[in-house]
Amino acid sequence: MKARSVVLAVAASLVASLALCASGTRWLNVHVQERAEGTEVSLHVPFNLVLAVVEAVRSDELSGGRLRLHVEGCEIDWPRILRELDAAPDGQYVTVKDGEADVSMSKQAGMVRIDVDERGGEHAKVKVRFPESLLAAFRVEDDGRLDIRALLVELESVPVGDLITVASDEADVRVWVE
(Lines give C-alpha, C1' and ligand atoms only; values in the text may rest on other atoms or scores of the structure.)
Protein backbone atom coordinates (compact mmCIF):
# COMPACT_ATOMS: atom_id res chain seq x y z
CA MET A 1 0.00 0.00 0.00
CA LYS A 2 2.82 2.40 0.84
CA ALA A 3 4.52 1.90 -2.58
CA ARG A 4 1.21 2.56 -4.34
CA SER A 5 0.80 5.86 -2.42
CA VAL A 6 4.29 6.94 -3.42
CA VAL A 7 3.61 6.09 -7.08
CA LEU A 8 0.31 8.01 -6.97
CA ALA A 9 1.99 11.00 -5.33
CA VAL A 10 4.74 11.03 -7.97
CA ALA A 11 2.17 10.68 -10.76
CA ALA A 12 0.07 13.51 -9.31
CA SER A 13 3.18 15.71 -9.06
CA LEU A 14 4.11 15.01 -12.67
CA VAL A 15 0.59 15.79 -13.88
CA ALA A 16 0.54 19.02 -11.86
CA SER A 17 3.96 20.01 -13.24
CA LEU A 18 2.87 19.30 -16.80
CA ALA A 19 -0.33 21.29 -16.27
CA LEU A 20 1.68 24.23 -14.94
CA CYS A 21 4.05 24.09 -17.91
CA ALA A 22 1.14 23.80 -20.32
CA SER A 23 -0.56 26.82 -18.77
CA GLY A 24 2.34 28.95 -19.97
CA THR A 25 2.90 30.63 -16.60
CA ARG A 26 5.74 33.11 -16.97
CA TRP A 27 7.82 34.31 -14.05
CA LEU A 28 9.66 37.52 -13.25
CA ASN A 29 12.83 36.92 -11.27
CA VAL A 30 15.05 39.30 -9.35
CA HIS A 31 18.11 38.31 -7.34
CA VAL A 32 20.14 40.82 -5.32
CA GLN A 33 23.22 39.90 -3.33
CA GLU A 34 24.61 42.76 -1.25
CA ARG A 35 28.15 42.11 -0.04
CA ALA A 36 28.80 44.36 2.98
CA GLU A 37 25.77 43.26 4.99
CA GLY A 38 25.55 39.78 3.53
CA THR A 39 21.95 40.43 2.47
CA GLU A 40 20.44 38.31 -0.27
CA VAL A 41 17.00 38.85 -1.79
CA SER A 42 15.33 36.59 -4.35
CA LEU A 43 12.00 37.13 -6.06
CA HIS A 44 10.36 34.44 -8.18
CA VAL A 45 6.88 35.78 -8.95
CA PRO A 46 4.36 34.87 -11.67
CA PHE A 47 3.59 37.82 -13.94
CA ASN A 48 -0.12 37.79 -13.07
CA LEU A 49 0.77 38.45 -9.42
CA VAL A 50 3.20 41.23 -10.36
CA LEU A 51 0.44 42.86 -12.44
CA ALA A 52 -2.08 42.55 -9.60
CA VAL A 53 0.30 44.20 -7.13
CA VAL A 54 1.21 47.04 -9.52
CA GLU A 55 -2.48 47.72 -10.17
CA ALA A 56 -3.38 47.54 -6.45
CA VAL A 57 -0.80 50.05 -5.17
CA ARG A 58 -2.04 53.62 -4.72
CA SER A 59 0.45 56.38 -3.87
CA ASP A 60 1.54 59.75 -5.22
CA GLU A 61 4.24 58.02 -7.28
CA LEU A 62 2.44 54.84 -8.39
CA SER A 63 -1.26 54.58 -9.07
CA GLY A 64 -3.30 52.34 -11.37
CA GLY A 65 -0.13 50.77 -12.76
CA ARG A 66 1.32 54.16 -13.74
CA LEU A 67 4.60 55.47 -12.28
CA ARG A 68 5.32 59.21 -12.11
CA LEU A 69 8.63 60.13 -13.75
CA HIS A 70 10.45 63.14 -12.36
CA VAL A 71 12.31 65.00 -15.08
CA GLU A 72 13.08 68.56 -14.10
CA GLY A 73 14.08 71.41 -16.32
CA CYS A 74 12.91 70.02 -19.67
CA GLU A 75 10.03 68.44 -21.49
CA ILE A 76 10.65 65.13 -23.22
CA ASP A 77 8.46 63.69 -25.96
CA TRP A 78 8.98 60.07 -24.86
CA PRO A 79 6.56 58.53 -27.38
CA ARG A 80 8.41 60.14 -30.27
CA ILE A 81 11.84 59.09 -28.99
CA LEU A 82 10.68 55.50 -28.49
CA ARG A 83 8.97 55.34 -31.91
CA GLU A 84 12.11 56.61 -33.63
CA LEU A 85 14.35 54.19 -31.74
CA ASP A 86 12.03 51.34 -32.69
CA ALA A 87 12.15 52.40 -36.37
CA ALA A 88 15.91 52.99 -36.41
CA PRO A 89 18.18 50.43 -38.09
CA ASP A 90 20.64 48.26 -36.21
CA GLY A 91 23.75 50.07 -35.15
CA GLN A 92 25.95 51.45 -32.42
CA TYR A 93 24.17 54.64 -31.22
CA VAL A 94 26.07 55.84 -28.17
CA THR A 95 29.68 55.33 -27.18
CA VAL A 96 31.20 57.25 -24.29
CA LYS A 97 34.67 56.53 -22.95
CA ASP A 98 36.18 58.65 -20.24
CA GLY A 99 38.13 58.21 -17.02
CA GLU A 100 35.04 57.21 -15.07
CA ALA A 101 33.22 54.75 -17.31
CA ASP A 102 32.61 53.27 -20.72
CA VAL A 103 28.98 53.48 -21.86
CA SER A 104 27.44 52.12 -25.02
CA MET A 105 23.97 51.72 -26.47
CA SER A 106 23.14 49.78 -29.61
CA LYS A 107 20.48 47.84 -31.46
CA GLN A 108 21.51 44.48 -32.84
CA ALA A 109 19.42 41.63 -34.23
CA GLY A 110 16.21 42.88 -32.66
CA MET A 111 17.73 43.59 -29.24
CA VAL A 112 18.41 46.92 -27.52
CA ARG A 113 21.70 46.69 -25.64
CA ILE A 114 23.03 49.07 -23.00
CA ASP A 115 26.41 48.48 -21.36
CA VAL A 116 28.10 50.48 -18.61
CA ASP A 117 31.58 49.64 -17.33
CA GLU A 118 32.42 51.91 -14.40
CA ARG A 119 36.09 52.28 -13.54
CA GLY A 120 35.75 54.27 -10.31
CA GLY A 121 33.25 54.18 -7.49
CA GLU A 122 31.77 50.71 -7.12
CA HIS A 123 33.36 49.37 -10.35
CA ALA A 124 29.88 48.49 -11.60
CA LYS A 125 29.35 46.54 -14.78
CA VAL A 126 25.77 46.94 -16.01
CA LYS A 127 24.21 45.05 -18.91
CA VAL A 128 20.67 45.71 -20.09
CA ARG A 129 19.19 43.59 -22.86
CA PHE A 130 15.62 43.67 -24.10
CA PRO A 131 13.82 42.88 -27.34
CA GLU A 132 13.15 45.82 -29.62
CA SER A 133 9.45 44.82 -29.53
CA LEU A 134 9.34 45.97 -25.90
CA LEU A 135 9.81 49.59 -27.04
CA ALA A 136 6.16 49.79 -28.13
CA ALA A 137 5.09 49.02 -24.55
CA PHE A 138 6.95 52.02 -23.09
CA ARG A 139 4.10 54.48 -22.74
CA VAL A 140 4.71 57.82 -21.06
CA GLU A 141 1.52 59.81 -20.77
CA ASP A 142 1.11 63.58 -20.96
CA ASP A 143 1.12 63.87 -17.16
CA GLY A 144 4.62 62.31 -17.04
CA ARG A 145 3.56 58.86 -15.88
CA LEU A 146 5.07 55.67 -17.25
CA ASP A 147 2.50 52.91 -17.81
CA ILE A 148 4.18 50.10 -15.85
CA ARG A 149 1.22 47.78 -16.40
CA ALA A 150 1.56 47.94 -20.22
CA LEU A 151 5.29 47.33 -19.91
CA LEU A 152 4.76 44.27 -17.67
CA VAL A 153 2.12 42.83 -20.00
CA GLU A 154 4.54 43.03 -22.93
CA LEU A 155 7.48 41.89 -20.80
CA GLU A 156 5.62 38.67 -20.07
CA SER A 157 5.91 37.72 -23.76
CA VAL A 158 9.65 38.39 -24.24
CA PRO A 159 11.97 35.43 -24.72
CA VAL A 160 13.30 33.71 -21.64
CA GLY A 161 16.57 35.17 -20.42
CA ASP A 162 18.39 37.95 -18.61
CA LEU A 163 17.13 41.51 -18.89
CA ILE A 164 19.46 43.30 -16.47
CA THR A 165 22.66 42.26 -14.76
CA VAL A 166 24.76 44.41 -12.45
CA ALA A 167 28.05 43.32 -10.93
CA SER A 168 29.81 45.74 -8.61
CA ASP A 169 32.04 45.85 -5.55
CA GLU A 170 28.92 46.46 -3.43
CA ALA A 171 26.34 44.05 -4.89
CA ASP A 172 25.26 41.80 -7.72
CA VAL A 173 21.81 42.12 -9.29
CA ARG A 174 20.11 39.95 -11.88
CA VAL A 175 16.64 40.43 -13.39
CA TRP A 176 15.33 37.78 -15.79
CA VAL A 177 12.23 36.20 -17.26
CA GLU A 178 11.47 32.50 -17.31
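A: At 40% relative accessibility, His123 counts as partly exposed, because buried means under 20% relative accessible area, exposed means over 50%, and partly exposed lies in between (1.4 Å probe, protein chains only). This is a predicted model, in which local features need pLDDT of at least 70 and side-chain atom pairs count only at pLDDT 80 or more, while totals for chains, interfaces and linings use all residues. Residues are numbered from 1 along each chain as its sequence is written, and side-chain values use heavy atoms, with hydrogens and water left out.

Q: Where is His123 placed, and what is its phi?

A: His123 sits in the loop between strand 7 and strand 8 (125–131), and its phi is near 55 degrees, a positive value in a residue other than glycine. Strands (E, at least two residues) and helices (H or I, at least four) are DSSP runs, numbered from the N terminus.

Q: Is Ala109 buried or exposed?

A: Ala109 counts as exposed, because its relative accessibility is 71%. Ala109 also has a positive phi, of about 50 degrees, although it is not a glycine, and it lies in the loop between strand 6 (101–108) and strand 7 (111–118).

Q: Which residues of helix 4 are buried?

A: An α-helix has 3.6 residues a turn, so residues three or four places apart point the same way. In helix 4 (residues 148–155), the buried residues are Ile148, Ala150, Leu151, Leu152 and Leu155. The elements that they pack against include helix 2 (47–56) and strand 10 (161–167).

Definitions and conventions
Contact = heavy atoms within 4.5 Å.
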